[in-house]
Amino acid sequence: MNIILKIILILFSFAHFNSAFADNDILKKYILELDTKDFKKKISIIEKISEVDTDYSLHALKSILNGKLFIRKSDKKILLVDIINRKYNTFYFFTNEEVGIEKKRKLKKIKINNNIRNKLNNNISILQLSRGTDAEKIKAIFEIIKEGNKQTLQIINYRIKKEKKEDILKSLEIAKNSIIARYGTNSEKIDAIKNLSGKTNIDLVNILKKISEDQSLQKNIVFEANKALSISLKNIKYNN
């Protein structure tokens with residue numbers, strides 16, 4: 001029996017290794033496709049990178065956002081770059097093995113604009129919902145509030161079902177209400193706005209303010225938003 005179990009474990013480990021290797025190949029393909037001047041295409045590729053099931057996906061998104069991900073022109077190697085005293089110190093992306101100093105003209109930086117920057121911040125936060133320390137998870141939850149949408153809500157609902165820690169669940173519920181307040185049905189919006197009442201997070205306050213000023217919404221929704229916003233502003237003043 002012990003021999004059989006060992007064989008199963010070996011086979012499982014081998015399958016897992018092959019799967020991870022394949023995912024990294026897919027990720028490499030997508031990163032190389034970011035070498036384009038088409039910013040709309042870049043946003044689509046970033047979404048694909050976020051869906052690749054490997055720890056390197058999050059690493060790639062953060063490196064792009066921080067301006068550290070480059071492609072070497074000669075051989076299409078993906079490199080991480082630390083610029084110190086105008087010298088381009090390079091490392092292989094997947095192994096972090098030091099390559100050495102490269103000349104700037106031999107490298108191609110993955111360039112981004114504000115739309116891509118917002119997309120990166122949102123996708124990084126979504127990926128971090130299921131990774132990192134409790135503090136990192138909570139930070140990620142609040143970072144997705146501003147750009148949250150119906151797709152994000154599905155992910156949050158999934159995390160609520162899986163999460164067991166009370167402080168993280170509370171943060172997820174706040175993020176959930178912040179999205180429903182904007183995208184739910186009229187009755188759902190009112191309930192969500194009531195749940196956000198008194199919250200002092202700046203993004204939540206801005207959401208309430210925007211709803212309170214939206215004349216296309218039903219009057220009772222605008223009324224509840226104004227009421228909730230007023231309590232939040234009083235709390236901010238009191239805390240300061």
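Which residues does Arg-159 touch, not counting residues up to four places away in sequence? In this predicted model, local features need pLDDT of at least 70 and side-chain atom pairs count only at pLDDT 80 or more, while totals for chains, interfaces and linings use all residues. Residues are numbered from 1 along each chain as its sequence is written, and side-chain values use heavy atoms, with hydrogens and water left out.

Arg-159 lies in helix α6 and touches Leu-129, Ser-130 and Leu-172 (contact: heavy atoms within 4.5 Å). Arg-159 is buried but has no salt bridge, and the nearest side chain of opposite charge, Glu-163, is 4.1 Å away. Buried means under 20% relative accessible area (1.4 Å probe, protein chains only); a salt bridge is a side-chain nitrogen of Lys or Arg within 4 Å of a carboxyl oxygen of Asp or Glu. Helices are DSSP runs (H or I, at least four residues) numbered from the N terminus.

The largest pocket has a volume of about 500 Å³. A pocket is an open set of points on a 1 Å grid where a 1.4 Å probe fits, with protein on both sides within 12 Å along at least five of seven lines; lining residues have an atom within 4 Å of a point. The volume is the space filled by probe spheres set on the points. Of the 21 lining residues, Ser-50, Asn-123, Ile-126, Leu-127 and Ile-155 lie nearest the centre of the pocket. Helices α2, α4 and α6 each supply at least two lining residues, and α4 gives the most, with six.

In helix α8, Lys-189, Ile-190, Ala-192, Ile-193 and Leu-196 are buried. The buried residues of α8 pack against α7, α9 and α10.

How values were computed
Buried < 20%, exposed > 50% of the residue type's maximum accessible area, 1.4 Å probe, protein only. Lys, Arg positive; Asp, Glu negative; His and termini not counted.
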